[in-house]
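Hello,

Here is the structure I promised to pass on. Please have a look, and then read on for what turned up in it.

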Amino acid sequence: MKETLERPVLVTRSSLPPLEEYIEMLKPIWDSAWLTNMGAYHEEFREQLKKYLKLTNLELFVNGHMALELAIQAMELKGEVITTPFTFASTTHAIVRNGLTPVLCDINEEDYTLNADLIESLITERTCAIVPVHVYGNLCDVEKIQEIADRHHLKVIYDAAHAFGEELDGKGVGTWGDASMFSFHATKVFHSIEGGAVAFKEASLEKRLYQLKNFGIMDSETVEYVGANGKMNEFQAAMGLCNLRHVDEEIRKRKQLAMHYRHRLEGIKGIKLCRENPRVKYNYAYMPVVFDGYKAKRDEIFQALKEKNIHARKYFYPCVNEYECYRERFPAEDTPVAARISRQVLTLPLYADLPMDAADMICDIIERKGH
Ligand code: T4K
């Protein structure tokens, strides 16, 4: 096996378009001196994204978190929201910052999304919405969730931060639920440096989302809502437009690597990979591997990789209910599967330019720790 790598291999590496392409896009910004507040690129990016994501309604935001927070605000909810503890801090924070109470529901063993069979047992007369997460790009059981939501008159707002461009039976993932938030952060399959979007079902939400991201302003003399500054600027939109030209190639390269990891690790005793759904077109956002009964523990693998200058990540450890800010409010014992998976999971490096031999080296290290 190779010696320690000279350059670190990180969990991901932002894909960038050729520099000349981005510079070319900057010229009209200089000519017009219009840098932000819904400029020409903002509009063009939104239209192109609607086509790519196979959606009718879409609003852009400065980042994914703001998109989610304002999407929830736009629904004008009160009470409890059923959600997952196995996610990034943003999901729960967006609920809490809207004055709502998160009710944490456990995840399933196969793909770590919300366990739809448990949702109904958590519904009370105060429940107003479900906020599931398509974690790692694994799509939730959207059909069952919708059925439950319809029966109990609940809103469904998906955190689809990881699910850019994914499809279920050929339909864009953003068509499910009342709204879905996509993140275009630099670490994502597709990015606009920072950025985000909300896809939504009811066309009437468009005006509200637009106002909410612009301080709630209606016109120069009317402020209708307590909004925020959630506007995407022209430099972000320009990066998004450039990256949209290359995203299919990005996903193709990621798929090759993900398949290779699968080929190397599948079937090894004590190693669990996510179940794949043949109805889903994936984007290969993350490469989560669960060490369950493997000779070496997750933290030992993490350390062994680190010693070779390979920096996998423990996404998502700890669970939300173990955070300092939530620990007192949500006992982790209520969601035992999430608690266990978060201690067993490691997300391996995965990005378009990761050399195949680096993926092999990672698998070699994992295998050797199992002997
Ligand atoms: N919901 C979910 C389920 C999410 O996962 C996220 C974000 C959100 C909501 C909120 O969306 P945004 O508001 O972020 O759009 C990263 C990302 O910052 C965050 O976007 C992402 N989820 C989360 C899972 O991962 P960190 O703290 O792990 O990032 P950091 O800085 O450690 O970067 C990770 C690796 O990425 C680095 O080791 C190298 C690489 N990298 C990073 C940056 C910043 C690059 O190659 N280029 C870069 O510019 O949170």
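Before the first finding, a word on terms: a pocket here is an open set of grid points with protein on both sides within 12 Å along at least five of seven lines. Please also keep in mind that this is a predicted model.

**The largest pocket**

The largest pocket has a volume of about 480 Å³. Its lining is made up of 29 residues, and those nearest the centre are Phe88, Ser183, His185, Thr187 and Lys188.

**The cavities**

How many cavities of 30 Å³ or more does a search of the whole structure find? There are 2 of them. The largest cavity contains about 190 Å³ of space. It is lined by 17 residues, with Asn138, Arg262, Glu276, Tyr284 and Tyr286 closest to its centre. Helix H8 and strand E15 (287-291) each contribute at least two residues to that lining. By class, the residues lining the largest cavity are 10 nonpolar, 3 polar and 4 charged.

**H2 with H8**

The axes of H2 (residues 40-53) and H8 (residues 234-265) come within 7 Å and cross at roughly 25°. Angles under 35 degrees count as roughly parallel, so H2 is roughly parallel to H8. The crossing of these two helices, H2 and H8, is left-handed. On the H2 side, the contact includes Tyr41, Phe45, Leu49 and Tyr52, while the H8 residues include Leu241, Leu244, Val247 and Ile251. Taken by class, the residues of the H2 contact with H8 are 11 nonpolar, 3 polar and 3 charged.

**H9 with H11**

Which way do H9 and H11 cross, left-handed or right-handed? H9 passes H11 in a right-handed crossing. The axes of H9 (residues 298-307) and H11 (residues 356-369) come within 10 Å, at a crossing angle of roughly 130°. That angle makes H9 oblique to H11. Glu300, Ile301, Ala304 and Leu305 of H9 make the contact with Ile362, Ile365, Ile366 and Lys369 of H11. Of the residues in the contact of H9 with H11, 6 are nonpolar and 2 are charged, with no polar ones.

How values were computed
Residues are numbered from 1 along each chain as its sequence is written. This is a predicted model: local features need pLDDT of at least 70, side-chain atom pairs count only at pLDDT 80 or more; totals for chains, interfaces and linings use all residues. Side-chain values use heavy atoms; hydrogens and water are left out. Axes are lines fitted to C-alpha atoms, for helices over the stretch in contact, and angles run from 0 to 180 degrees between N-to-C directions. Helices (H or I, at least four residues) and strands (E, at least two) are DSSP runs, numbered from the N terminus. Angles under 35 degrees count as roughly parallel, over 145 as roughly antiparallel, 65 to 115 as roughly perpendicular and the rest as oblique. A crossing is left-handed if the near helix is turned anticlockwise from the far one by less than a right angle, and right-handed if clockwise. Contact means heavy atoms within 4.5 Å. Ala, Val, Leu, Ile, Met, Phe, Trp, Tyr, Cys and Pro count as nonpolar, Asp, Glu, Lys and Arg as charged, and the others, Gly among them, as polar. On a 1 Å grid over the protein atoms alone, a cavity is a set of points where a 1.4 Å probe fits but cannot get out, and a pocket is an open set with protein on both sides within 12 Å along at least five of seven lines; lining residues have an atom within 4 Å of a point. Grid points are joined across faces, edges and corners, and a volume is the space filled by probe spheres set on the points.
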